[in-house]
Amino acid sequence: MKRIITFGTFDVFHVGHINIIERAKKLGDYLIVGVSSDELNFSKKQRYPIYNQTDRLKIISSMKCVDEVFIEESLELKLEYIKKYKADILVMGDDWTGRFDWVKTDCEVIYLPRAPSVSTTEIIEIVKSI
C-alpha cells in the first residue's frame, strides 16, 4: 500500500484545494493531510486564517478521498510527520518546488502544478474590496 502525505492551510476552501487533494490521492492508496495550525499560518503569512484550525480540519476530513488528517505545527517537522505516518510520497504544490527536496532520502517528493489564478489570498482580497 502506497501512503501519500500532503500539507496545507486550506483556508477559504476552493476548487484548487479539491484538485490538489484529489490528484495527491491518485498517486497512492492512502492519503494523509496535515492542516497547518492557526499559529503556523500566522508565522508564514503574518495573519490568522479566516477559518480556525478545527473548522479547516473538519472540512478536509469530510472529503471522501482523505483517509487521515492531523494538525501540522511546524514546517521544520515535515520529516518527522513523514516518518510518523509512514508516508512513501510527499505531495506539495509547485509553489513549494525544491523547498522539501531535503526529505528525499526518506520518501519521494512530487510537486504538483497549482490551479491557475485560484488562491486563497486572491479570494480574500477580492472579498475585502467588495
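Start with the cysteines: a search of the whole structure finds 0 disulfides, a disulfide being a pair of cysteine sulfur atoms within 2.5 Å. The model is predicted, so local features need pLDDT of at least 70 and side-chain atom pairs count only at pLDDT 80 or more, while totals for chains, interfaces and linings use all residues. Residues are numbered from 1 along each chain as its sequence is written, and side-chain values use heavy atoms, with hydrogens and water left out.

Select Cys65 and then Cys107. Cys65 has a relative accessible area of 14% and is buried; Cys107 is buried too, at 5%. Buried means under 20% relative accessible area, exposed over 50% and partly exposed in between, with a 1.4 Å probe and protein chains only.

Next, show the aromatic rings. The structure holds 6 aromatic pairs. Rings of Phe, Tyr and Trp (its six-membered ring) pair if their centres lie within 6.5 Å; planes under 30 degrees apart are stacked, over 60 edge-to-face, and the rest tilted. Select Phe7 and Tyr81: the ring centres are 5.9 Å apart and the planes stand at 45 degrees, so this pair is tilted. Phe7 is in strand β1 (residues 3-8) and Tyr81 in helix α4 (residues 78-84), so the pair links distant parts of the chain, 74 residues apart. Helices (H or I, at least four residues) and strands (E, at least two) are DSSP runs, numbered from the N terminus. Phe7 is buried at 7% relative accessibility, and Tyr81 is buried at 9%.

Move to Phe70 and Tyr85, a stacked pair with 4.4 Å centre to centre and 15 degrees between the planes. Phe70 lies in strand β3 (residues 68-72) and Tyr85 in the loop between α4 and β4 (89-93), so the pair ties together parts 15 residues apart in sequence. Both Phe70 and Tyr85 are buried. Select Phe7, Phe70, Tyr81 and Tyr85 together: they form one aromatic cluster.

Last, select helix α2 (residues 38-45). Which residues of α2 are buried? They are Asp38, Leu40 and Asn41. Seen down the axis of α2, the buried residues fall within an arc of 160 degrees (taken from the directions from the helix axis to the C-beta atoms), so they line one face of the helix. Their cover includes β2 (30-36), α3 (53-61) and β3, where contact means heavy atoms within 4.5 Å. Gln46 follows α2, and its phi is positive, near 60 degrees.
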